[in-house]
Structures are given as C-alpha cells and as structure tokens.
Amino acid sequence: MLTYILRRLGAGLLLLAVVTMVTFAIFYVVPRWAGRTTEQLATMYVGRAPTPEAIQATIERLGLDQPIAVQFGEFVRGIFFGAQYRFGGETIECAAPCFGYSFQTYQEVFPEILARLPVTASLALGAGIIWLVGGIAVGVVSAVWKGSLFDRLAMAVALAGVSLPIFFTGLLALAFLVHSWGLFGTPGYVPFTQDPFGWVQGLLLPWLTLAFLHAAMYARQTRAGMLEALNEDYIRTARAKGLSERKVVLKHALRPTLTPIVTIFGLDLGLVLGGAVLTEQVFSLNGIGRYAVQAITQSDLPVILGVTLFGAFFIVICNLIVDLVYPLIDPRVRIHD
Amino acid sequence: MSESAPADTVVRVDDLRVTFPTMDGDVHAVKGLSFEVPAGGALGIVGESGSGKSVTSMALMGLHRGTRAEITGGIEVVGNDVVAASDKRLRQMRGNDIAMVFQDPMQSLHPQYTIGDQLIEALRVHRSQVSRSGARERAIESLERVGIPEPAKRINSYPHEFSGGMRQRVLIAMGLMCDPKVLLADEPTTALDVTVQAQILDLLDELRRDLNMGLILVSHDLAVVAGSVDEVVVMRHGRAVERGDVRDVLSRPEHPYTRALLDAVPRVEVSRAQRRAQDRADRAERADKEGGGEAPRPATEGIEESTGGASAFQAFVPAEEGGGKGEPLLRVNDLAQSFKVRGGMWGRSSDFWAVKDVGFELYQGETLGIVGESGSGKSTLSRMIMRLLEPTAGTVEFQGRDITHLPERHLRPLRKQIQMVFQNPYSSLNPRLTIGESIGTALKVQGERDGKKIRTRVQSLLERVGLEPHHYNRFPHAFSGGQRQRVAIARALILKPKLIICDEPVSALDVSTQDQVLRLLSELQDDFGLTYIFVAHDLAVVRQVSDRVAVMRKGEVVEMGDSDSIYEAPRSDYTKQLLTAAPVLDPDEARRLRAERVRQRAAG
C-alpha cells in the first residue's frame, strides 16, 4: 500500500513536470516556430505602443535572447527560489513560488491566482456536491423505475443538460430567475467567513447552473451503471438472502456503480477548480477562470502560463486523490505491490 | 402422489407452470411440474439448458417477482405459499426457510464487501436481535463448518481472494447462516474442477445429513446428482419426463429421453477404442440410412475442389491409428514457463513456474489428452506449443523444426499448421462478424484474395461440421453453444492444420451437446488424419478421446502413458485421487467413492 501511494505521488510529480515543460514550450517555443522574432515576442510583455528601446530592455530583462533551455531553467528556478526582474532602475521581486510576472498589470501571477482561488473553489465545491448528489440520486431512481414517466422525463432533461452550454442556461437563468421573476438575488461572491448566508445566496444560481451540466452526465452514467449492476449475479444472491429491495439497491447495486463515477468526479472537479471559465464569466464572478479570460484577451502570456499550470496542478492533485481513495471503494484494487 | 403429513414435507410443488409473455407469443418455460421434498430428503432436478430447471429453482425462491413471468400452480416451501405470499412474507422466507447456492461462485458474491459482511448480513436480515459480534461468531462457525481454513482470519477477506471452490463454500456457508430447512443448489459445481466438485458435493451431502436439511440439487449432469439424492426428476422442455427413485431411474430408465441422456454421459470406464468403434459403427449406420456411399465418407471433397487438387490431407487419408512410427509431428522437450510474481511490501518479485519440465512426443493422427485442474498449467502448456507464449526453457519441435524461439515473421507460415479450439464458444467468436467472416478471416490472413473462393470453402466446411451453408451470413448470437463450438472447429479447420489443440472444447456444453461435438471431432480425425492435443478437466471425456494421457498438477506431468493403463492402473496418488473424484452414474458406486474420498482426505 505504501509503495502504491509513493508510486502514485511520484507519477503525479512527474506529470506536473511534463505539463510545465509542455506549457512552457507552447508559450515560448511554438511562437518561434511560427516565425515570431524575439522582438515580436518581447512586444507581448511590454505595455501598449512600445519603443524599440523598451523592447530591447524587455528582451534582456526576460532573457528572451537566451537559449530556450536556459529560459526554462530560469522559469523553474523561479518557482522554487523566486525571481528578480530589473525594470528600468528598480528591481522587481517575484517571491518564491514565482509563476511569472505580468508586465501589463505589474503584478505577480501567483498571488493574483491565490486571491481568486476562494471564489473558484467555492463555486467548484458547491456545484460539485450538488451535481454529484443530484446526479446519482436521479440516476438511481431512473434505473429502479426504468421506463417509468420519471425515468423518461429525467433522461430527457439530462439530455438537454448535457447539450446546452452554460452561456445559454446561465444567461437564461439570469434573465428569468433573477431579473424577470426575482427568485434569486443577483449572483456574486461574498467570502464565507464574512457572511455564510450571503455566500450561499450569491453562489446558489451559479452552483445550480454549473451543476446542471454535470449532473446530467452523472445521472446518465449512474443509470447505466445501476442497470448493469442490477443484472449481476450477486444482486440475485442478495435478493435470495431476503434483503429488502431498498437494501439491494442502495447497498449492493449502488456501490459498484459509484466506482467509475468517483473517477470522473475527480477529473471534473479538478477541471472546474482550475477555473470555471464560462460560469465565472456569465455570472461575473472574479475567479481564476475570469482571470484567464482577461489575460487571453490581453495576450498577457505570463498570466496565461500561470493559470494553465495551476489548472493542471488541480487536475493532477484530484486524480491523485482519486487514485488513493479508489482502493477504499473497490477492494480488488488493493494490490500489495 | 403420496399423502404425507405437511410437517414432513418441506417443499411441495404442484402443477407448476411458468410462462414468459414475449413479442412472439408466450414462452412456456415450465409446463405442469410436480414434486415434493420431505424434510431431510434430497431431490435432483436434471435437464439440459432450456429444460426449465433453473426457472423452477428461481420460482421456488419467489425470485420471479418483479419480472414478467406468470406463475400458476402451487409452490409451498416450509409452509409458505410462494405464489400467493406477500413480498414481505417472501423476503422472510428467503435465506431463512430456504437458502440458495448458485452456479457461478465467481459472480455470486459481492466483490466489494468482505465475506464476513455478507455472511453477517444474511443472518441479521432475519435475526435483527442478534448483535454484530454474535453474528460474526456465527459466521466464523459457519465458515468452519464448510471447511474454510482459518475462518477467524479469512472472514475479513474479499471474494477475489478465494479460489472458485472456496467461494462456493462461502456461498454455502452463507446459506447455512439461518439454519434453513431446505438448501437449493442450482448447478453448484458446474464451474468447478472435478476434485473440487467432489468436495462440494460431499460437503452438501454431509450437511444435509448432519443438519437434517432438505436438499434440491439442480444439474445438467446425471452423474453429478447420482450419488447425492434419493429421488430424481428428469426435465425436458418444461416437463418432467421421468420422476422416481434415483436408483430406478438410473438403472431402469423408462423414458427414451432419459435413456439418451444416460447414453450421452461420458463414462470413465469406456475406453478410447470402444468409443471410437462405437462412433464409427454409428456413422456407418447413418451413412447406410442416408442411402449409399461407403462409410466413412471421405468428406474432404469440398475442401479439395476449392484448392484444386493436392490437398494437404490426401497424403494421410485415412489416418493410421495413433502409432509411434517415423518422425513425430511434435516433440516437446523439458518445456517450462515462469512468470514474475510481485509480492511483499516492497514489491520483491519471485518466479512462479506455471509449467515445469514437460516433455513428450506426438505422432501424426494421435490424440494426447492432458488432464488437470485449473492452475495445473495445461493451458499455459498449450499456449507455448501454439507459440502464443514464448517458453522460458526447453524446446518445441514441430515437424522436426525447432520453433521455440522462432521470430513471429518465420512463425506465421507455420501458424496454419497448428490451430486451436477454445473453451468458451460464447466469447471466442467475434459477435460483430458473421460466422462466415470469422471462419474466412484466416484464409485472408494467409493470402487468399478471391472472395468467392473463400466463401465456397467456408460453406463446404460449414456443411462438414454439421451446419448449413446458408448460415454463412449469420451472427454468433443466433447459434446455440454446441453450434458455436462447431463454428469454432470449422474456423480451426479452414487452414487444414496438422495439429489442433482443443482447450476444454466441451466443458461449457450440456452432456448431449458434448457428445455430439466429441463425435464430430472423432469423425474429423478419421477423415483428415488430424492430430489432437485435447486439454480438459473431465476425466471421462479425456479417456474416450485420447490415445495417451498426461496428468498435470502444479505445472508438472505427474503421470503419462497409454490412456487405458492410466485409467485402469493409475500409479500416482494424484491420478487415483482424480479418478475417485470423477462423478459416476451408479448411485452405489458413487457412495463407495465418496467413502473412499473421505478416507483419502483423512489420510491427508
């Protein structure tokens, strides 16, 4: 078991290193292949209307004329030991986990991401719980009452949920539920520590919108898994023991169904934690996703790079957690190597 | 029917009818079945798949509730009217008054709960007043009762940590948790090896006597029930064609179907020579009836036509009886295969020898039978001969050529000489290819481009294995198990191989289908001079098809020789043990063997 954990941890770290390398290459190497000169690259790091001197200064400051390996080394060194940028006369300090520095907003990337993390995390966790519980519940009921009106209705709604993008459902919800009918307050973020009630109130609609999309998938997956499980021989054994149908369904059939669901939940949650781009944008929540959108519209490379790495980090972490939880759910995975 | 007092009868089935409404009209799975089981008595229900025996056992448990099945007639189990009882009443009955043991122990336990949890649950659902620790003790007792070693430790294990036989014991232990009056075992040993099968049957018999429990044993194999029941019901197409005392039914069967069924059971005392003579005589008779043609009909015509003459088979049709003349077709020397097994906390790996130092020679037209239980290395051995696995040590020589480490490129032309027929006809045919495509693919792989030629060859071969040429475009799901195995045989034959390795070719089939497939294999051997390696765990089957037999255990050949001498005068203890485990049709002989097994076990 210990080796299993260590191996998984090692694999996770390795994966992060590879992601860093690939992301770095996308932003620093690929543009050169596409024929960008060092000067053009440097332009992206300077403010608007740069002078040739400013560009030259940027090239030197960022070391853009250095070999790519050196640049990557510097970047990685920055993550562990921090970095300094000479800027005009002064030196800019980018503290230890330095994932870059935005020369458009004159801010370090990492603290900016951290500042927005509570918003995104609140959104992701709240929505995650709703879609997980809601999706599974609907899926179980649908499977047990297969072919009933509920089943057909639920699956039709689920199909709609999977097909409709958030900028559609979200805007629709805003228009009707908030503005026309006033069922929900205007979405927004209030820190939980300040006002737990306001936190829920402000995030409820974004949660539901984001959860709708995912719950639909989970409901379909659960239903399919349950139908398969209910046909297994061990379900017949459970019935032959004299167990009630409720126990047969909730104890014996649900558990094997949950195994694959936990896996996709880990992936989905990691993805959303790295920035629920559309949801944050639609509901004007100032989270990591929105930060990324701003950076992309402004071609703010260091921020894009930082946010991408951060997103990858969450996916790797969530997967790692799933890998570690998995043997608890399915004893057959409890290998002894 | 005898008018016994209700207290003495634990199961009474009266004119049971089970009907499944389908789109194409009603399917009558059971049509008027009646039987009784007295307290502590044992009843065997025997029939082929589709005879309605499993439907009957499901109906006894009331497990048809919630499905489309319509049940009429009377089912009374320990005073419960199963047909009319409320769902709640039925649940109180299941597991408490009547417990069921299912066919496939691998699938019948929940993979994600410990066996302890599953046993405890079985008790506490009916006895909620028993504490968890009390239930746990009871579970340990029950596991001990069915012969699980170290039950106090093993109770925390998961099903996948047990072998098939052990899982079946766990299922039986689960059935015993509430001291039921009746144990219903539906094909409890079909998925198990002979020796394990004998152990499980012995256990059921012992439990029945010690606990005075009624036993209903459902099986497709008369030999399985022979030694374990007092009364037997033979079912066919949903009806009981014969019912009576087991001795009477087996020694003086009245119904022709029972007689046919008895004839189909492979008997361990019938030798290869007898069987072959019988098969050939039957064939000749059939050929005569069909009007003309000398027998055996050389059925190579279709194949020769399409290749335009010189068939690889012609040289040796008819085959000479398995003799040791000339160069052997296959020579295996000190063959061994090891696998790395990881173990321990730090992943130290050790070598596990699946096959060790196996050597033999096999001549043209001969059949070598390999018997052994699962895990004995017989499948690994056949894979090495097929060169699906590269041997760790030793050599395989085919037609005098060393193919042990031949690279795949050079191996490919040789592949058509050695073909294989697999155990499970359901999963060894691609469900998305028509059987014609499945069979014809091999020809394409070997370079045949002419689609028409392939088609005619496949069709003539289909005819040869007892199917119809117009089956070409059908998909595997349209065929029964026996027909699928015929398809698999055709697929192996299409390349005109010299050697066919049959890996448990009949173990998934009913006895009568089994008999037909064995006949086919024997006819094909006569016609094409085929050489077989016949791998199986059924001793009787192996004896009837093999000239020589190798008995394998834990990767080694413990005994090898001429099949009659192995069966009549076994030298190794293991072979003796296997032979006493083989099910026999004579109830008295079965009881004698059971006593013999008990003695062997006591002796260690």
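Student: In this predicted model, which residue of β19(B) is the bridge partner of B:Val371?

Tutor: The bridge partner of B:Val371 in β19(B) is B:Val551. The strands concerned are β13 (residues 367-371) and β19 (residues 548-553) of chain B, which run parallel.

Student: What makes β13 and β19 of chain B a pair of strands?

Tutor: Four bridges join β13 to β19 in chain B. Pairing requires at least two bridges, so these strands pair.

Student: To which sheet do these strands belong, and in what order do its strands stand?

Tutor: They belong to an open sheet of six strands in chain B, with the order β16-β17-β18-β13-β19-β20 and mixed pairing. Ignoring direction, neighbouring strands of this sheet are turned by 15 degrees against each other on average.

Student: Why are β16 and β20 of chain B said to stand at the edges?

Tutor: β16 (418-421) and β20 (556-562) of chain B each have a single partner strand, so one side of each is left without a neighbour in the sheet.

Student: Which strands does helix α17 of chain B lie across?

Tutor: Helix α17 (residues 481-493) lies across β16 and β17 (499-503) of chain B, and runs at about 175 degrees to β16(B).

Student: Why is strand β3 of chain B called largely enclosed?

Tutor: Strand β3 (residues 42-46) of chain B is largely enclosed by the rest of the structure because five of its five residues are buried. A residue counts as buried if 20 or more other C-beta atoms lie within 10 Å of its own.

Student: Which residues of β3(B) point one way, and which the other way?

Tutor: B:Ala42, B:Gly44 and B:Val46 point one way, whereas B:Leu43 and B:Ile45 point the other way. In a regular strand, side chains alternate between the two faces of the sheet.

Student: What joins β3(B) to β8 and to β9 of chain B?

Tutor: Five bridges join β3(B) to β8 (residues 214-219) of chain B, and these strands run parallel. Four bridges join β3(B) to β9 (residues 231-236) of chain B, again in parallel. B:Ile45 has B:Val218 of β8(B) as its bridge partner, and B:Val46 has B:Val234 of β9(B).

Student: Which residues have the most contacts inside the largest nonpolar core?

Tutor: They are B:Val182 and B:Ile216, in a core of 166 residues. Helix α6 (residues 164-176) of chain B gives the largest share of this core, seven residues. Among the residues that B:Val182 touches are B:Val10, B:Val37, B:Val78 and B:Ile216.

Student: Why is B:Val78 called partly exposed?

Tutor: B:Val78 has 18 other C-beta atoms within 10 Å. Burial needs 20 or more and exposure 12 or fewer, so 18 falls in between and B:Val78 is partly exposed. B:Val78 lies in the loop between β4 (70-77) and β5 (80-81) of chain B and has a positive phi of about 45 degrees although it is not a glycine.

Student: Why does B:Asp357 count as partly exposed?

Tutor: B:Asp357 has 14 C-beta neighbours inside 10 Å. That value lies between the limits of 12 and 20, so B:Asp357 is partly exposed. B:Asp357 is placed in strand β12 (residues 348-362) of chain B, and its phi, near 45 degrees, is positive.

Student: At what angle do helices α8 and α9 of chain A cross?

Tutor: The axes of α8 (residues 166-180) and α9 (residues 196-230) of chain A come within 10 Å and cross at roughly 140 degrees. The crossing is right-handed. Among the residues that meet are A:Ile166 and A:Leu177 in α8(A) and A:Leu205 and A:Phe212 in α9(A). By class, this contact has eight nonpolar, three polar and no charged residues.

Student: How many residues does each chain give to the contact between chain A and chain B?

Tutor: Chain B gives 27 residues and chain A gives 21 residues. The side of chain B that touches chain A has 11 nonpolar, 11 polar and five charged residues.

Terms used
Residues numbered from 1 in each chain as written. Chains lettered and ligands numbered in written order. Predicted model: local features only at pLDDT ≥ 70, side-chain atom pairs only at ≥ 80, totals over all residues. Contact = placed C-beta atoms within 7 Å. Nonpolar A, V, L, I, M, F, W, Y, C, P; charged D, E, K, R; others polar. Core = buried A, V, L, I, M, F, W, Y, C linked by C-beta atoms within 7 Å. Axes fitted to C-alpha atoms, helices over the stretch in contact; angles between N-to-C directions. Left-handed = near helix turned anticlockwise from the far one by under 90°. Lists of a residue's contacts leave out its neighbours within four places in sequence.
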